[in-house]
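Take a moment with the sequence and the structure below.

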Amino acid sequence: SGNTFSMVTCNAPVNIAVIKYWGKRDEECILPINSSLSVTLHQDQLKTTTTVACSRSFQEDRIWLNGKEEDINQPRLQSCLREIRRLARKRRSDGEGGVDLAGLSHKVHICSVNNFPTAAGLASSAAGYACLGERPSNEVGVYPVALSGPFSLCSLPLLSPFSFFPVYTLARVMGVEGELSAVARQGSGSACRSMYGGFVQWIMGQREDGKDSVAQQVEPETHWPELRILVLVVSAERKPVGSTSGMQTSVETSSLLKHRSDSVVPARMKEMIDAVHRKDFAAFAELTMKDSNQFHAICLDTYPPIFYLNDVSRHIINLVHHYNQHYREARVAYTFDAGPNAVIYTLQQHVDEFLQVVKHFFPPETNGGQFVKGLPVASTTLT
Ligand code: PMV
């Protein structure tokens, strides 16, 4: 009917890379210089919720992030919108159904809310990109609780079978189905990995048009039920250098980055996929830590250098190594994205003990006893 009004709400889970994506070979299409691999988190804990409404009465496309209206004309957001509309039109003309013709010409209102600090380099922005383009200026999502150092903590169960993303929400409202990670990629690179649950690789691809640069599930979330993720929120402050400009400078100035993409990642991807298949935690942990360290070494090798880690981050790195050395095996692994917050991978049977150790070295008093109050915590909270 001429009065179509449709609305869809989806959640986008966060993914945390264990083999990092850093550097583009094509800025416009967002094509990476190396493949990457991540784990999708359970979306009850860290997620972006996006509602898209589509109506004849809307005069123009509009977007709100965490309650604040943002510029709809950001190029990456426009790419996603254009691409979804193109797919919807194609589906329609191929006689595959989908939204009716009137609906296709309707404008959309997008409303996206994060339940975690968006610009702090936590969780690689994949769901946070929700945001379709530049990082939103709101530091903290729906929780009005200011985070304070050294850190707060949440323990997450793994993975969700549902992996929704604003691109997915848009696609749903417009009746588009099928492989969408290539569209999500055009919003924010790492976002394409949030299109699937479990262990997900983003294959860099060879083609110039990016059609083969897609995300693919390596193993589903049920594959490794003992795996646990702890997020140590060191700081919720906005990161000094965003990933877009950071990568750009690294590609231009770091020779270590070229070495990484040519000679390190291809073999490392194979080893990591193998470790995941075998559920070999020691191998998984070592590769994860080495890859995080190489990424931050590249940040230092960038000119001018980029500092994402701080003293607390480095304390955590030392703590993890001492802990593992004590047991003469890797029981815990850290990884850091474009910010100081630590993401810890471990196995269920080590969670309680490792949390005791963390508590010992970072007693709650040192951060005024403040933790992320609103964040649902799966198993343990430091209080
Ligand atoms: O997708 P972007 O532009 O936010 O870049 C993400 C980069 C890292 O989080 C540092 C690594 C990764 O693979 O997620």
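Which exposed residues does the face of H5 turned away from its buried side carry? Hold that thought while we set the ground rules. This is a predicted model: local features need pLDDT of at least 70, side-chain atom pairs count only at pLDDT 80 or more, and totals for chains, interfaces and linings use all residues. Residues are numbered from 1 along each chain as its sequence is written. Helices (H or I, at least four residues) and strands (E, at least two) are DSSP runs, numbered from the N terminus. A residue is buried if 20 or more other C-beta atoms lie within 10 Å of its own, exposed if 12 or fewer, and partly exposed in between, with C-beta atoms placed from the backbone.

Now back to H5, which spans residues 243–253. Its exposed residues on the face turned away from the buried side are Ser245 and Glu252. The buried residues of this helix are Ser243, Gly246, Met247 and Ser250. They lie on the same side of H5 because they cover an arc of only 95° around the axis. The arc is that of the directions from the helix axis to the C-beta atoms. An α-helix has 3.6 residues a turn, so residues three or four places apart point the same way. What do the buried residues of H5 pack against? They pack against E3, H6 and H7. Two residues are in contact if their C-beta atoms, placed from the backbone, lie within 7 Å.

Next come the sheets. Two strands pair if DSSP finds at least two bridges between them. Axes are lines fitted to C-alpha atoms, for helices over the stretch in contact, and angles run from 0 to 180 degrees between N-to-C directions.

Strand E6 (residues 47–55) and strand E9 (residues 107–114) are antiparallel and share 8 bridges. There, Thr51 has Cys111 in E9 as its bridge partner. E7 and E9 run parallel, joined by 4 bridges. Arg62 stands opposite His109 in E9. Strand E7 (residues 62–65) also pairs with E8, in the antiparallel sense, over 3 bridges. Opposite Ile63 stands Glu70 in E8.

A further open sheet has 4 strands in the order E2-E5-E11-E12, and its pairing is antiparallel. Strand E2 (15–19) and strand E12 (215–219) are the edges, each pairing on one side only. Here the twist averages 35° from one strand to the next. Inside the sheet, 4 bridges join strand E5 (residues 36–40) to strand E11 (residues 199–202). Ser36 stands opposite Trp202 in E11. Helix H6 (residues 255–278) packs on this sheet and touches E2, E5, E11 and E12. The direction of H6 makes about 115° with that of E2.

What lies inside? A nonpolar core is a set of buried Ala, Val, Leu, Ile, Met, Phe, Trp, Tyr and Cys residues joined through C-beta atoms within 7 Å. The largest one has 87 residues, and Ile84 and Ile344 have the most contacts inside it. Helix H7 (residues 281–301) gives the most to this core, with 8 residues. Leaving aside residues up to four places away in sequence, Ile344 touches Ile229, Leu230, Leu232, Val332, Ala333 and Tyr334.

Look at helix H9 (residues 348–361) too. Its 14 residues reach 21 Å from first C-alpha to last, close to the 20 Å expected at 1.5 Å a residue. That expected span is 1.5 Å times one less than the number of residues. Val351, Phe354 and Val358 are the buried residues of H9.

Finish with some backbone details. Most residues other than glycine have a negative phi, and most peptide bonds are trans. Ile30 has a positive phi of about 55° although it is not a glycine. Ile30 sits in the loop between strand E3 (24–26) and strand E4 (31–32). Is Ile30 buried or exposed? It counts as buried, because it has 24 C-beta neighbours inside 10 Å. Lys279 also has a positive phi of about 55°, and is found in the loop between H6 and H7. Lys279 is partly exposed, with 15 other C-beta atoms within 10 Å. Lastly, a cis peptide bond joins Tyr303 and Pro304, with omega about -5°. Pro304 is found in the loop between H7 and helix H8 (311–327).
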